[in-house]
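Biologist: I would like to learn how to read helices in a model. Please show me the chain and take one feature at a time.

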Amino acid sequence: MSILHLNIDEFGYIPIRPNVENTNIALESGEIIALIGASGSGKTTLLKLAAGLLELDKGKLNHNFNRQAYLFQETRLLPWKSCLDNITLSLMPTKININLATQYAKQMGLTEEDLVKYPSELSGGMRQRVALARAFIIQPDLLFLDEPFSALDFTLRAEMQQLLLSQMHESNMAILMVTHDLNEAILMADEILVLGGDPVHIVKSILVTQPRNERDPEFVFFETQKLMQMPEVVASFVIRDE
Amino acid sequence: MQNLKQILANILTYLWSGWGGAASLFILLTVWEYGHLKMGSLILPSPKESIIALAFAIVNENAIFDIAITFKRAFYGFGAAVILGSASGIISGKSMTMSMALRPIVTFTMGVPPIAWIILALMWFGNDDMTAAFTVFVVVFPIIFASAMQGMRMRSTELDEMADIYKLSQTQKFIHIHMPQIISYLFPAWIVALGMSWKIVVMAELLGTEHGIGAAMAMARVNIDTAVTMGWILMIIFNLLLIEYLFLEPIKRYVERWKIP
């Protein structure tokens, strides 16, 4: 049984005009599915529907997880809480030991000094690490990623991706991610879904079968080139005329 | 221990910063003294005369009792408005419909002049503590209510989404996510409401009660005793400063310590 099965017949922010239709996503444990598409193509909407943050008009959402986590485009930390309290916020409804927080923070590259500070006193990359620690500390089996690293510089982004993959390797969690970075999709995903059209639906599905630990920069480069030449991908990234 | 030292140091720094405020107040006193020299004691008694007159009233005429009773009335009205206004404002801020429905009522009640409420209260409750307390409550309640409602409405939906993902309970959400956002709206409203409470309670007493600062001022008016009147004004302001700077402001600084100045 899939950990997540999303079946959208129809969804619209305004009732009469659907934004998304006829979309079917099934995610298994230990699998990564990447949604790609141009800005404004409804990637975030789809992710929110999958996480249950938006309610479907017509369709079905089947969840089968113990704990879910979501990394948003912004860090969404509470400015009035110290970094440590921000990390342990996600633990509140669970019975997981709070003492784990420092250990997780260390894994994310945060020092004990960082933990007593407020988020506003840290750099953007450090803040993202706090958000990452908040997500991982509950040991999620389902993780949603909404381009959380898009604001980071190249090296930091690579580091964050590795951090994510090592966490995933340990816990066998499933990831549904949104990205406009084709490199990132090739590097991480088992399946890439290209979104396009109006109303939005899946225009193409691409499987990446190479094991993740064998995806070296060369592989990523050539696969990305191939991806960029597919007519569906080209079409989905062309700016639509109004 | 380290913490205690830090807290003590903070308190001392805060009190020390009071000298700046005191300096401005002394300038005001100087202007007052100058006015007194120009116009004489009948029109404008000197600060010294006023304070002595008030001290005399406190020692010989049991004015402490008047202060206490005024304090009690203002406290009841203000306290009730703070508790009920904040709570009901937060609850109605949760629902769009409630906020829309209650907005005109808030505007309406804020439009009724305080003096009109005093007259109504006198007819309803007579010469009672209730008259002053009720007037304070009814004037101050809509201000606090409107701010609480606004604070709740303006809360970040992004943080709500985050809390929903991690399955925080309603109570946890309220304490950790909503309350710190609402407090930025509530505190200024509480401070404004506190200032108004004092003014209104004195006005209500002046018109309709036998005891309290207002009643004492009515007496001073009958006796054309400007010095005592000025003394009482000083007393009211002094109390207000005390509550705002020794009680509300430190609380505000504590809860908003994450905001870098």
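Modeller: Start with a pair of helices: H9(B) passes H10(B) in a right-handed crossing. A crossing is right-handed if the near helix is turned clockwise from the far one by less than a right angle, and left-handed if anticlockwise. Helices here are DSSP runs of H or I with at least four residues, strands are runs of E with at least two, and both are numbered from the N terminus. This is a predicted model, where local features need pLDDT of at least 70 and side-chain atom pairs count only at pLDDT 80 or more, while totals for chains, interfaces and linings use all residues. Residues are numbered from 1 along each chain as written, chains are lettered from A and ligands numbered from 1 in the order written, and side-chain values use heavy atoms, without hydrogens and water.

Biologist: At what angle do H9 and H10 of chain B pack?

Modeller: Two packed helices are described by the angle between their axes and the distance between the axes. Here H9(B), residues 170–208, and H10(B), residues 213–222, pack at about 55°, with axes 6 Å apart. That angle makes H9(B) oblique to H10(B). Axes are lines fitted to C-alpha atoms over the stretch in contact, and angles run from 0 to 180 degrees between N-to-C directions. Under 35 degrees is roughly parallel, over 145 roughly antiparallel, 65 to 115 roughly perpendicular, and the rest oblique.

Biologist: Which residues in H9(B) and H10(B) meet?

Modeller: Contact means heavy atoms within 4.5 Å. On H9(B), B:Trp198 and B:Val202 are among them, and on H10(B), B:Ile213 and B:Ala215 are among them.

Biologist: Which residues in H3(B) are buried?

Modeller: An α-helix has 3.6 residues a turn, so residues three or four places apart point the same way. In H3(B), the buried ones (under 20% relative accessible area; exposed is over 50%, partly exposed in between; 1.4 Å probe, protein chains only) are B:Pro47, B:Ser50, B:Ala53, B:Leu54 and B:Ala57. They cover an arc (from directions from the helix axis to the C-beta atoms) of only 130°, which puts them on the same side of H3(B). The face turned away carries the exposed B:Lys48, B:Ile52 and B:Val59. The cover over the buried residues includes helices H2, H4 and H11 of chain B.

Biologist: Where does B:Asp66 lie, and is B:Asp66 buried or exposed?

Modeller: B:Asp66 lies in helix H4 of chain B and is buried, at 13% relative accessible area. Leaving aside neighbours within four places in sequence, its contacts include B:His211 and B:Trp232.
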